[in-house]
Amino acid sequence: MKEKIKEYLLELCCAYTFVSVTGAIVNIIAGTETNNINVLVMFACCAIATFVLFLHKLFDRISPLAMMIIQYLIASGLIAVMLLLIDKFVDPITPRGWFEFYRSFTIPYIILAGFYYYRVFSETKAQNALLREIQDQSEE
């Protein structure tokens with residue numbers, strides 16, 4: 001369990017760093033500023049997305065495409081809860097704001113999930129090749 005938590009935190013740090021640096025570059029190019037709420041929301045989104053991606057072991061029995069869609073829907077639901085809390089306690093969010101936020105969440109999520117699944121499937125392929133090699137050697 002301790003190893004899984006370390007792995008989760010490492011993935012979270014990498015995802016947040018990527019999103020944060022990309023956001024900073026976009027802000028520099030666009031000439032805009034960010035505030036502390038935006039930074040906290042970016043971190044919360046990264047934490048939610050990383051947590052949901054870590055649930056992929058629960059969906060091993062279904063197709064990878066269905067798993068990815070289900071995970072995106074779970075992440076979107078958790079993001080909606082977060083936005084409702086922000087709307088209620090911090091600052092009202094307009095309908096256009098909801099749309100913009102989901103667009104801003106979906107694009108990095110797809111990119112980072114694609115990278116995550118590429119790594120997961122690459123590791124699985126390597127492990128399968130190693131198992132085949134061991135089985136071939138044991139048959140000889």
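Modeller: Helix 2 passes helix 3 in a right-handed crossing, a term that applies when the near helix is turned clockwise from the far one by less than a right angle. Helices here are DSSP runs (H or I, at least four residues), numbered from the N terminus. This is a predicted model, in which local features need pLDDT of at least 70 and side-chain atom pairs count only at pLDDT 80 or more, while totals for chains, interfaces and linings use all residues. Residues are numbered from 1 along each chain as its sequence is written, and side-chain values use heavy atoms, with hydrogens and water left out.

The axes of helix 2 (residues 36-54) and helix 3 come within 9 Å and cross at roughly 150°; axes are lines fitted to C-alpha atoms over the stretch in contact, with angles from 0 to 180 degrees between N-to-C directions. The two helices are therefore roughly antiparallel, the word for angles over 145 degrees.

Q71 belongs to helix 3 (residues 64-89) and is buried, at a relative accessible area of 0%; buried means under 20%, with a 1.4 Å probe and protein chains only. A polar atom of the Q71 side chain lies 2.6 Å from the backbone oxygen of V52. Beyond four places away in sequence, Q71 also touches residues including L55, H56, F59, Y109 and Y117.

Key:
Buried < 20%, exposed > 50% of the residue type's maximum accessible area, 1.4 Å probe, protein only. Polar contact = N/O pair within 3.5 Å; in protein donor to acceptor, adjacent residues only side chain to side chain. Contact = heavy atoms within 4.5 Å. Parallel < 35°, antiparallel > 145°, perpendicular 65-115°, else oblique.
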